[in-house]
Amino acid sequence: SCKFVDSTAQVAAEINRQDVHVLVDFDAAVMDMGSRIAAHHPAPVQVRGWGSLWPVSAYVKALPRMASDRVTSPPEYANDWTEALLLLPRTPPVPSHWLGAYSNSAS
């Protein structure tokens, strides 16, 4: 169920109330709303997802892990990340509608 909430603390409380076990923030490096919610630690496991347009470290202590793959985040560069890399066999590509204005920038 969805409710209107007006603060990150309320969103975090609702996530916790719904007993979410894994919280995934798909764009912590660019947008900070998810990072601010994660700062309340509403779920036992909190992970950055692979949806960011830029595969860079987000420097968000509340998101200590990054789900990625060996192509996007080569293991030999693991020390360059603040997050521990959770390397999946393959991550889905970023959907073009997530890219917004960037999807036509090459034309």
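Me: Which element gives the largest share of the lining of the largest pocket?
Reply: In this predicted model, two elements give two or more residues to that lining: S1 and helix H2 (33-38). The largest share is 3 residues. The element that provides it is S1.

Me: How much space lies in the largest pocket?
Reply: Residues lining this pocket include Leu23, Phe26 and Ile37. The space in the pocket comes to about 150 Å³.

Me: What is the strand order of the open sheet?
Reply: The sheet has 4 strands, with parallel pairing. Its edge strands are S1 (22-25) and S4 (84-88), each pairing on one side only. The order is S1-S2-S3-S4.

Me: By what angle are neighbouring strands of this sheet turned against each other on average?
Reply: The sheet is open and its pairing is parallel. The angle is an average over neighbouring strands, with direction ignored. Its value is 35°.

Me: Which residue in S2 is the bridge partner of Val24?
Reply: Val24 also lines the largest pocket. S1 and strand S2 (residues 45-48) run parallel, joined by 4 bridges. In S2, the partner of Val24 is Val47.

Methods: Residues are numbered from 1 along each chain as its sequence is written. This is a predicted model: local features need pLDDT of at least 70, side-chain atom pairs count only at pLDDT 80 or more; totals for chains, interfaces and linings use all residues. Side-chain values use heavy atoms; hydrogens and water are left out. Two strands pair if DSSP finds at least two bridges between them. Axes are lines fitted to C-alpha atoms, for helices over the stretch in contact, and angles run from 0 to 180 degrees between N-to-C directions. On a 1 Å grid over the protein atoms alone, a cavity is a set of points where a 1.4 Å probe fits but cannot get out, and a pocket is an open set with protein on both sides within 12 Å along at least five of seven lines; lining residues have an atom within 4 Å of a point. Grid points are joined across faces, edges and corners, and a volume is the space filled by probe spheres set on the points.
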